[in-house]
Amino acid sequence: KQEVTQIPAALSVPEGENLVLNCSFTDSAIYNLQWFRQDPGKGLTSLLLIQSSQREQTSGRLNASLDKSSGRSTLYIAASQPGDSATYLCAVGAQGGSEKLVFGKGTKLTVNP
Amino acid sequence: DTAVSQTPKYLVTQMGNDKSIKCEQNLGHDTMYWYKQDSKKFLKIMFSYNNKELIINETVPNRFSPKSPDKAHLNLHINSLELGDSAVYFCASSQLSATQYFGPGTRLLVL
């Protein structure tokens, strides 16, 4: 049974810092991995999708890496801004092209001005 | 343009009632999902439909019955609501295993 863990559960940083959010998963036989952001009282917004054959994906100030063999992914946020404050969720898609995503519990990020 | 929409946004009801939540997507996706986010913010899949066919059915009480009249709609009907059903329910859609797009959520409170 796939389990996804995100560390830390909460993170507070000053504006401008570069930061890394961590995600680990127990079963390395994954199809893909997605990073989402969730703002309070809102739905989820997809940030990056990494296919199992890829090592990383970049979008603007965000870079996500994937190491399948070690069961880890990181989300790197460069030059953080107060608008980046949100909960970041990692979700793993099962191998075989299953549409089922297994989510971590998220990292709540606060960027202080 | 709203990609994935859900109604209602808020739902407050008494224990034992039956209620429905509706979801519509205008992205042309084949696959739709229902997720439940509990009070600890843990998000877990409940159901998934592909082209109106049920493909994922997690261990969910049979009081919950999804219905997909067409591939753009996936509704969730809940019978005999219980206190533990209080949560935020998210609808999502995707084109098979590609990026999933989420709706804004329906906040259900059972009193």
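This is a predicted model: local features need pLDDT of at least 70, side-chain atom pairs count only at pLDDT 80 or more; totals for chains, interfaces and linings use all residues.
**View 1. Chain B meets chain A.** How many salt bridges does the rule find across the interface of chain B and chain A? The rule finds zero salt bridges there. Polar contacts between chain B and chain A come to three residue pairs, with both residues at pLDDT 80 or more.

**View 2. Thr31 in strand 4 of chain B.** Now zoom in on B:Thr31, a residue of strand 4 (residues 31-37) of chain B. Is B:Thr31 buried or exposed? B:Thr31 counts as buried because its relative accessibility is 0%, and buried means under 20%. The side chain of B:Thr31 makes a polar contact of 2.7 Å with the side chain of B:Asn50.

**View 3. The four-stranded sheet of chain B.** This open sheet of chain B is antiparallel, and its four strands follow the order 1-3-8-7. At the edges sit strand 1 (4-7) and strand 7 (64-70) of chain B, each pairing on one side only. From one strand to the next, the twist averages 20°. For a closer look at one pairing, follow strand 7 of chain B to strand 8 (residues 73-78) of chain B: the two run antiparallel and are joined by five bridges. Opposite B:Phe64 you will find B:Ile78, in strand 8 of chain B.

**View 4. The five-stranded sheet of chain A.** Chain A has an open sheet of five strands in the order 1-3-8-7-6, again with antiparallel pairing. Its edge strands are strand 1 (4-7) and strand 6 (56-59) of chain A, and each of them pairs on one side only. Neighbouring strands in this sheet are turned against each other by 15° on average, direction ignored. How many bridges join strand 7 (residues 62-67) of chain A to strand 8 (residues 72-77) of chain A? Six bridges link these antiparallel strands. In strand 8 of chain A, A:Leu75 is the bridge partner of A:Ala64.

How values were computed
Residues are numbered from 1 along each chain as its sequence is written. Chains are lettered from A and ligands numbered from 1 in the order in which they are written. Side-chain values use heavy atoms; hydrogens and water are left out. Two strands pair if DSSP finds at least two bridges between them. Axes are lines fitted to C-alpha atoms, for helices over the stretch in contact, and angles run from 0 to 180 degrees between N-to-C directions. Buried means under 20% relative accessible area, exposed over 50%, partly exposed in between (1.4 Å probe, protein chains only). A polar contact is a pair of N or O atoms within 3.5 Å; within protein, one must be able to donate a hydrogen and the other to accept it, and residues adjacent in sequence count only if both atoms are side-chain atoms. A salt bridge is a side-chain nitrogen of Lys or Arg within 4 Å of a carboxyl oxygen of Asp or Glu.
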